[in-house]
Amino acid sequence: MSDATSSTPFVRRDGIFDRILVVGSAGACVALLGMLAMVLLDIVIGGSGRISLEFLTAAPSNGMTEGGIFPAIVGTALLTFLMTIAAVPAGVATAVYLNEYAPTNSTLARVVRVSIANLAGVPSIVFGLFGLGFFVSTLGRAIDVTLFSGELTFARPSLLWAALTLSVLTLPVVVVATEEALRAVPRELRDASLALGATRFETVVRIVLPEALGGILTGAILAVSRGAGEVAPIMFTGAAYFLPQLPSHLNDAFMNLGYHVYVLATQSPDVEKTKPILYGTALVLLMLTFLLNVVAVILRSRTRGKLKPAL
Amino acid sequence: MTPQVRSTPELPLVVKMRTRGLSVFYGEKQAVHEVDLEVGVNQVLALIGPSGCGKSTFLRSLNRMNDTVDGVRVLGEVDLDGRPIYGPDVDPVVVRRHVGMVFQRSNPFPKSIFDNVAYGLRIAGMRDKAELALRVEKALRHAALWDEVKDRLFESGLGLSGGQQQRLCIARALAVEPEVLLMDEPASALDPIATARLEDLISELRAELTIVIVTHNMQQAARVSQRTAFFYMGKLVEVGETQRMFTRPKEQATEDYISGRFG
């Protein structure tokens, strides 16, 4: 070996490690793609045959071995909608305070940021338990005692409490995404607005928020799409195994796609007969979140385009 | 004639703005040390001095823009037409409607040319469309930009060239009809042709308002200003009529700086 080296002084010494690194990292990429492909293929192949108009518009029947998933779709849509109107305004308002109003060395802002980082790390099942303990048992009971003379109305799992529980889970994502979008707005624009006699509030509303809107919406949609697929936070706070009617009040329980998948996979009386329905449900859930992500990507590329000068 | 002008004492000043004992602190660090300075009405006052000498910080305390930066403390007095702008019951937002500002880097809003100029007017509550259009045209004409943009008022302000963008920012500041216009190195990012146009514009604007300009360019200060103030290490070293400052400075430091020996 040493002879060969001395006879060819310009030999590549790192060749072998270089190749190992390339092969290794490429292999990791392929493995990742492969796993995603396997998950998608399995669900698409297993579920696509099941999906039909009837599947999407009918209620489950015959002990969940027949029929469709219409109530679960409606429940998921309602849940997601309520969660969005709870989480997005609160999250955006928090981020606006942190980024536009709080002094740079503010203790409050630091505490809020640390709390948000920790909130994002809490396992989702803990949110479920929190929702049960706080929203259902404490807040719900308090409402019943004060407004309904103790009659059981809000102190039970329901659409409202599940949506609020989920909104707590998605809140950190909305705050972080909004803060990032606000930080991307150049300080020069704020200065220009302030120097023209605008108040801080007018500057935020007329300049900063419109400029950050694309980023905020993108973040909000990604947060919502993540929340829409969560099961653990709603298990104890409102999702139901099966319901004969659609929810019509905020304090009704509801069916949900993610929870339905869980129910079909674990509680079915006849595993073989429910399997196609299970696949179909999983595919619908997947397409729903995929759709939301696509909307987010389109929005993001649109706002990128908008930032370029028109010409 | 010229030697006579040189030997006469400086003309009395009709004061538009006056600072007394103005000090500015960034946290513990003092950036401006007890500056007494007067700005004459319908004059251009140039602030010169090496980087970090406090001239920009001083400028930004004339329309209370320093209030928007965390940890900045301003001591002393600043008057506009004899009225204090740092009084306890003074709203800095109102001060900024009287004392406008143009920044080093042109910063048009990502809006149309029209909306950029109309921004300050709309903030001030103007809703009437005809009146807005009139004021926008007037401001763009003042800023010598009207002929170049009149056919594309509703296109983005970001589509303009660098020099046009800076003139758009000036038009935007002029639209609210301030009494004083502060300019922080407005030509530092412009090419020589755009700079020359900007300097012509400054000389024209002087007829209607008072201008304070920070510049690193000695020739620019000599060309556009009637009075010049030299700042060094946060202190006002010398102030006087521009012609006198550049020919017979009283302080050695001023002479060293304008003759290029440091800075």
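Biologist: Does Asp147(B) count as buried or exposed?

Modeller: This is a predicted model, in which local features need pLDDT of at least 70, side-chain atom pairs count only at pLDDT 80 or more, and totals for chains, interfaces and linings use all residues. Residues are numbered from 1 along each chain as its sequence is written, chains are lettered from A and ligands numbered from 1 in the order in which they are written, and side-chain values use heavy atoms, with hydrogens and water left out. Buried means under 20% relative accessible area, exposed over 50%, and partly exposed in between (1.4 Å probe, protein chains only). Asp147(B) has 58% relative accessibility, so the class it falls into is exposed.

Biologist: Which residue forms a salt bridge with Asp147(B)?

Modeller: A salt bridge is a side-chain nitrogen of Lys or Arg within 4 Å of a carboxyl oxygen of Asp or Glu. For Asp147(B) the closest N and O atoms are 3.7 Å apart. The partner counts as partly exposed, at 39% relative accessibility, and the partner is Lys150(B).

Biologist: Arg197(B) and Glu148(B) also form a salt bridge; how many residues apart in sequence are the parts that this pair ties together?

Modeller: The closest N and O atoms of this pair are 3.2 Å apart. Helices (H or I, at least four residues) and strands (E, at least two) are DSSP runs, numbered from the N terminus. Because Arg197(B) lies in helix H8 (residues 192-205) of chain B and Glu148(B) in helix H6 (residues 146-149) of chain B, the separation of the parts they tie together is 49 residues.

Biologist: Is Arg64(B), which forms a salt bridge with Asp67(B), buried or exposed?

Modeller: In this pair the closest N and O atoms are 2.7 Å apart. Asp67(B) is partly exposed, with a relative accessible area of 33%. Arg64(B) has a relative accessible area of 10%, so Arg64(B) is buried.

Biologist: Which three residues of chain B lose the most area to chain A?

Modeller: Contact means heavy atoms within 4.5 Å, and 30 residues of chain B are in contact with 24 residues of chain A. Buried area is the accessible area (1.4 Å probe) that two parts lose on being put together, summed over both; here it is about 2200 Å², of which carbon and sulfur atoms give 61%. The residues that lose the most in chain B, together 23% of what that side buries, are Asp70(B), Tyr119(B) and Ile123(B).

Biologist: Which element gives the largest share of the side of chain B that touches chain A?

Modeller: Helix H3 (92-98), strand E6 (99-102), helix H4 (113-123) and helix H7 (162-175) of chain B each supply at least two residues of that side. The largest share is four residues, and they come from H4(B).

Biologist: What is the phi of Asp81(B)?

Modeller: Most residues other than glycine have a negative phi. Asp81(B) lies in the loop between strand E4 (72-80) and strand E5 (83-84) of chain B, and Asp81(B) is partly exposed, with a relative accessible area of 36%. Its phi is a positive value in a residue other than glycine, near 50 degrees.

Biologist: How far apart in space are Gly40(B) and Val69(B), C-alpha to C-alpha?

Modeller: Gly40(B) is found in strand E2 (residues 29-40) of chain B and counts as buried at 1% relative accessibility. Leaving aside neighbours within four places in sequence, Gly40(B) is in contact with residues including Leu13(B) and Arg227(B). Gly40(B) and Val69(B) are 29 residues apart in sequence, and their distance in space is 28 Å.

Biologist: What is the distance between the end C-alpha atoms of helix H5 (residues 107-121) of chain A?

Modeller: The expected span of a helix is 1.5 Å times one less than its number of residues. The 15 residues of H5(A) should therefore span 21 Å. The distance between the end C-alpha atoms agrees with this, at 22 Å.
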